[in-house]
Amino acid sequence: MGQQAATKFSAETLAQFAALGVDPNALFSPGALGEQMGIQVLEASPEKVIGTMPVEGNTQPYGLLHGGASAVLAETLGSVGAMLHGGPNKIAVGVDLNATHHRGTRSGTVTGTATPVHRGRSSATYEVVITDEQDRRVCTARLTCMLRPSTPSLG
């Protein structure tokens, strides 16, 4: 669907992951599914993750944005936030996702904004608000991720 633009990260995040030899743009990309759907992560921090997705190519048979596409956008953005909250020593795995679809949209681009509801040591929950180009709420989702050690524990 095109080339992924570089995500805007804080200097602290860039330094934290660069010290480990990790490219944050690769680690916090939308992944293969997100790239197929045209998702772009524009800005990412533990406090807020913003991304976009085209409606075209992500519709259901009636021509409306597919609810599953909204769920993929929400899980992508919430997971990025949870991973950034967990830091380089943890990975985030989604354990619960729910979404309420408020209105349909047939064209343009939707924007998702993920903000934390809870950020703990072993879990993180993000609310993701997805809006259309007129800033009307299309979907509200909530994602909870379990934060696990990035390396297997010994014992």
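**Salt bridges and their surroundings**

Guide: In this predicted model, the side chains of Asp96 and Arg142 form a salt bridge, at 3.7 Å from N to O. Asp96 belongs to strand 4 (residues 90-101) and Arg142 to strand 7 (residues 137-149), so the pair ties together parts that are 46 residues apart in sequence.

Visitor: Is Asp96 buried, partly exposed or exposed? And what about Arg142?

Guide: Asp96 counts as partly exposed, at 34% relative accessibility. Arg142 also has an intermediate value, 38%, and counts as partly exposed.

Visitor: How many salt bridges does a search of the whole structure find?

Guide: The search finds three. One of them joins the side chains of Glu47 and Arg119, with an N to O distance of 3.5 Å. Glu47 sits in the loop between strand 2 (40-44) and strand 3, while Arg119 is in strand 5, so this pair ties together parts that are 72 residues apart in sequence.

Visitor: How accessible are Glu47 and Arg119?

Guide: Glu47 is partly exposed, with a relative accessible area of 46%. Arg119 is partly exposed as well, at 37%.

Visitor: Which residue does Arg136 meet in a salt bridge?

Guide: The partner of Arg136 is Asp132, and the N to O distance is 2.8 Å. Arg136 is partly exposed, with a relative accessible area of 37%. Asp132, at 5% relative accessibility, is buried, because the cut-off for that class is under 20%.

Visitor: Let us turn to the strands. How do strand 3 and strand 5 pair?

Guide: Strand 3 (residues 49-54) and strand 5 (residues 109-119) pair in the antiparallel sense, over six bridges. Within that pairing, Val49 has Ala114 of strand 5 as its bridge partner.

Visitor: And over how many bridges does strand 5 pair with strand 6?

Guide: There are eight bridges between strand 5 and strand 6 (residues 123-131), again in the antiparallel sense. Thr111 has Thr131 of strand 6 as its bridge partner.

Visitor: What joins strand 5 to strand 6?

Guide: A hairpin does, through three residues.

Visitor: Now helix 4. What is its span from the first C-alpha to the last?

Guide: Helix 4 (residues 67-86) has 20 residues and reaches 28 Å, which is close to the 28 Å expected at 1.5 Å a residue. Just after helix 4, Gly87 takes a positive phi of about 80°.

Visitor: How many of the residues of helix 4 are buried?

Guide: The count is 15 of the 20, so helix 4 is largely enclosed by the rest of the structure. Ser79, for example, has its place in helix 4. Ser79 is buried, because its relative accessible area is 17% and the class takes values under 20%.

Visitor: What is Ser79 in contact with, leaving aside its neighbours within four places in sequence?

Guide: Ser79 is in contact with Ala92, Leu143 and Cys145.

Visitor: One last topic: where is Ala19 found?

Guide: Ala19 is in the loop between helix 1 (11-18) and helix 2 (24-27). Ala19 is exposed, with a relative accessible area of 67%.

Visitor: How far is the C-alpha of Ala19 from that of Cys145?

Guide: The two C-alpha atoms are separated by 25 Å, and Ala19 and Cys145 are 126 residues apart along the chain.

Conventions
Residues numbered from 1 in each chain as written. Predicted model: local features only at pLDDT ≥ 70, side-chain atom pairs only at ≥ 80, totals over all residues. Heavy atoms only, no water. Pairing = 2+ DSSP bridges. Helix = DSSP H or I, 4+ residues; strand = E, 2+ residues; numbered from the N terminus. Expected span 1.5 Å × (residues − 1). Buried < 20%, exposed > 50% of the residue type's maximum accessible area, 1.4 Å probe, protein only. Contact = heavy atoms within 4.5 Å. Salt bridge = Lys/Arg side-chain N within 4 Å of Asp/Glu carboxyl O.
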